[in-house]
Amino acid sequence: MLSSLLSSVARWLRPLWFFVITGLLITTLSRIGLLIWQSDRLVSQQDAWTVLGFGLRVDLSILCYWLLPALLAMLFFPLRWASWPVRIWLVAGLTLIAFMEVATPGFVAQYDLRPNRLFVEYLEYPQEVFGMLLGGFLPELVFGVVVLVAVPWACWRAVRRWCSPEDAWLPWWQRGLVLVPVLLLCVLGARGTLQHRPMNPSYTAFSTDSLVNALTLNSFYSVAFAVKAMRNEIDASELYPRMAEQEVFSTLRQAMMIPRGLFSSPVYPTWHEQRPSTSTALPRYKNLVIILEESLGAQYVGSLGGDDLTPELDALAKEGWLLDQLFATGTRSVRGIEAVITGFVPTPARSVVKLPRSQRNFFTLASLLKQQGYDTSFIYGGEGHFDNMGSFFLGNGFDRVVDQRHYKNPKFMGSWGVSDGDLLRKAHGEFSRLKQAGQPFFSLVFSSSNHTPYDYPEDEITPVEMPARSKRNAIRYADHALGEFFRDARASNYWEDTLFLVVADHDDRVYGRQLVPVEHFRIPGLLLGEGLPVKRDPRVFSQIDLPPTLLSLLGVEAAHPMVGHDITRLPETYPGRAIMQYDQSQAYWRGDEVVVLQPAKQPRTFKLDRTTYELVPTEDNPDLVKEALAHALWGSLAYKRGLYPASAGVEG
């Protein structure tokens, strides 16, 4: 009797065992392969064992989560009713797990992390993503399709042949005796720990190398956790240590380095009057053009010590104000837009360009300059709705969005829209028209040719390598288009009274064994204009310092909430400051020290080797930790409380 019961139970639980064993086999083999591939990132052999040990717990967690609906179905319904839905559910889970692992190497090669929220966000734009996959990731795409077909077919056959226990009938009370303990074990396995809070990615983080920490996860878990976090609009106060609001405000104001009397609002903590520099050495400009270059890290710019791929930009650097040590705030285009257009500090949440509460009455340069009588525009070669840009811009001070729909007979159309040449010729025409009408203008021009799959008109440059469609060639083409634009601009009617900023949104790949790979946040920044001082500025700046500086060079006296510095007012001995968001970690760099904030961990202080960009652990600097934490918390606080408006609406 007992042996018959045990035999029925064993047959009854076969689908569950098959799911767990097969799932562990997929994730473990994938993790071993990734460890072999990235073995140079491991400090010691012990790191590999730590990754595998943590990885087993994470894998069991995601498998147990997926098992819970199947267990409930088997508990409350006879197996002859639940068998097919349970099998379909389990095969679907194995297919998703396998597909995510197959997609992982390509994602790691691009972002130096496992698939995360970027993997999901890009699914909103199938046309662009499919074009990118066809052009730059064709082998990965083909392999992914094969997995999506082969894995469910193989698993379904295995489940039907080995896990068909319809004959293993059990009365309800025996099902309860068997499944309730199994259900409790699954809940424990899903939590991954007996501690108060369930396991999360910070629980398995043990290395200063973010990729090594990411290898402890599996990609299905990584994406699922990211989706959960996206739904909650991550609040920095939930990830980093707490600080009283008033202390955040006072610390932030002190770091802004402006006289106390210039703060002009009792409601909005950072709202202040900005007065332009009075130096006679600085000319005043009527118009402003920001050219945001896609994925152009300093590593590719010859004048910044990188590869010799930007001869046009390098030549322009000899005629303007080159920011030699400018650092991006993040790793996405919308993060760069956020910093350059709004001066907003980075947060662990998505950029404000994409968040719902910032779609109206959120401060931007356009909202301020529109009040000053400027025509304001966003000019782009792709579709304006990508990354929610069109909605954000039109809701926050931009008069119009010029996008792919507005180009008649472009010379070249790629996966991401018209080429940079078409884009900049369109911009030149717009600026000439506005100048002819006597209308001051501000425009953000956003390039896209330097983006996978690197579509560009190949007949316009001499390739530096083969095949022609490669990153290095795309950079050369984007630079060629930039040079062509400035030759046209110099001969135009708007050149003499226009200030230009050429700046990258971010580096193309941000990776490295450091907790935050600082060197890959370095980007080109160049101010150009008739009469502007020609110099190479060695001071460290952040992207958020650019918009206050632009206002100063425009001679605009106005109030705003930006916390960045006007670099025209900073002394030559300025120690430098940069803020960098890397997934859910944030680095705050001042002088030669960097504070790194990580989720659910205490802040860590490092000395930064400016030659190798290595972060060397050192004793904590309490004042710097406080300043770093205030900036990290301010963004989430300002967003949630509406403390970053286009207009203060109060008298100081």
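# Cysteines, helices and loops

Student: Is cysteine 186 buried or exposed?
Tutor: The relative accessibility of cysteine 186 is 6%. Buried means under 20% relative accessible area, exposed over 50% and partly exposed in between, for a 1.4 Å probe and protein chains only. At its value, therefore, cysteine 186 counts as buried.

Student: At what pLDDT do side-chain atom pairs count in this model?
Tutor: Residues are numbered from 1 along each chain as its sequence is written, and side-chain values use heavy atoms, with hydrogens and water left out. This is a predicted model, in which totals for chains, interfaces and linings use all residues, local features need pLDDT of at least 70, and side-chain atom pairs count only at pLDDT 80 or more.

Student: Is helix H2 roughly parallel or roughly antiparallel to helix H3?
Tutor: Helices are DSSP runs (H or I, at least four residues), as strands are (E, at least two), and both are numbered from the N terminus. Helix H2 (residues 14-37) and helix H3 (residues 45-76) pack with their axes 9 Å apart and at an angle of about 150 degrees, where axes are lines fitted to C-alpha atoms, for helices over the stretch in contact, and angles run from 0 to 180 degrees between N-to-C directions. Angles under 35 degrees count as roughly parallel, over 145 as roughly antiparallel, 65 to 115 as roughly perpendicular and the rest as oblique. The angle therefore makes H2, relative to H3, roughly antiparallel.

Student: How many nonpolar residues are in the contact of H2 with H3?
Tutor: Contact means heavy atoms within 4.5 Å, and the residues that make it include Phe19 and Leu24 of H2 and Leu56 and Trp66 of H3. Ala, Val, Leu, Ile, Met, Phe, Trp, Tyr, Cys and Pro count as nonpolar, Asp, Glu, Lys and Arg as charged, and the others, Gly among them, as polar. By these classes the contact of H2 with H3 has 4 polar, 2 charged and, for the class asked about, 16 nonpolar residues.

Student: How many residues of helix H14 are buried?
Tutor: The buried residues of H14 include Arg335 and Glu338, besides others such as Val334 and Ile337. Helix H14 (residues 333-342) is largely enclosed by the rest of the structure, because its buried residues number 10 of the 10.

Student: What is the omega of the peptide bond from threonine 452 to proline 453?
Tutor: Proline 453 lies in the loop between strand S8 (441-446) and helix H18 (471-490), and proline 467, joined to methionine 466 by a cis peptide bond, lies in the loop between S8 and H18. The bond from threonine 452 to proline 453 is cis, with omega near 10 degrees.

Student: Which residues does asparagine 621 contact, leaving aside its neighbours within four places in sequence?
Tutor: Asparagine 621 is placed in the loop between strand S18 (615-617) and helix H20 (622-641), and its relative accessible area of 18% makes it buried. With those neighbours left aside, asparagine 621 is in contact with Arg590, Glu593 and Thr605.
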